[in-house]
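Reader: I'd like to go through this model with you and hear where each label comes from. Could you put it up first?

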Amino acid sequence: MITVLVIVLIVEALSLLLLFLNIQIFRSQSEKYRLLLSNLGDQSAWGRPGRILIPLYVLMTLGATAVTTIIFIFQPHLL
């Protein structure tokens, strides 16, 4: 059981690592698009991408990580 717990925790850590990697990629791409539009003379065309999506993505990933870890560790038997 300890081996499986370690594997689950590693998978959860990889999930969080992927979350932060995706956020970093989004920010770098967003900055590139903003600079491109600024050079073209229409910086307002880009708007505010990810205003709702990024916080929702972070909350859902952190929530899913916490819930699956808690369910795995305590294993409530609902049946």
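Author: Let's begin with surface: accessible areas come from the Shrake-Rupley method with a 1.4 Å probe, and for residues only the protein chains shown count as cover. On that basis the protein chain has an accessible surface of about 6,500 Å², and 73% of it belongs to carbon and sulfur atoms. This is a predicted model, where local features need pLDDT of at least 70, side-chain atom pairs count only at pLDDT 80 or more, and totals for chains, interfaces and linings use all residues. Residues are numbered from 1 along each chain as its sequence is written, and side-chain values use heavy atoms, with hydrogens and water left out.

Reader: Why are helix 1 and helix 2 called roughly antiparallel?

Author: Axes are lines fitted to C-alpha atoms, for helices over the stretch in contact, and angles run from 0 to 180 degrees between N-to-C directions. Under 35 degrees counts as roughly parallel, over 145 as roughly antiparallel, 65 to 115 as roughly perpendicular, and the rest as oblique. Helix 1 (residues 2-40) and helix 2 pack at about 180°, with their axes 11 Å apart. Helix 1 and helix 2 are therefore roughly antiparallel to each other. Among the residues making the contact are L5, L9 and F26 of helix 1 and Y57, L62 and F72 of helix 2. The residues of this contact divide into 15 nonpolar, six polar and one charged (nonpolar being Ala, Val, Leu, Ile, Met, Phe, Trp, Tyr, Cys and Pro, charged being Asp, Glu, Lys and Arg, and polar the others, Gly among them).

Reader: How do you know whether T65 is buried or exposed?

Author: Buried means under 20% relative accessible area, exposed over 50%, and partly exposed in between (1.4 Å probe, protein chains only). T65 has 10% relative accessibility, so T65 counts as buried. T65 sits in helix 2 (residues 53-74). Setting aside neighbours within four places in sequence, T65 is in contact (heavy atoms within 4.5 Å) with E12, S15 and L16.

Reader: And what do the cut-offs make of S30, N22 and F20?

Author: S30, in helix 1, has 15% relative accessibility, so S30 counts as buried. S30 touches W46 and P49, not counting residues up to four places away in sequence. N22, also found in helix 1, has a relative accessible area of 31%, so N22 is partly exposed. F20 belongs to helix 1 too, and its 53% makes F20 exposed. Over the whole chain, 13% of the 79 residues count as buried.

Reader: Which residues does V58 contact, leaving aside its neighbours within four places in sequence?

Author: Those are L19 and I23. V58 lies in helix 2, and its C-alpha is 8.7 Å from that of F20, 38 residues apart in sequence.

Definitions and conventions. Helix = DSSP H or I, 4+ residues; strand = E, 2+ residues; numbered from the N terminus.
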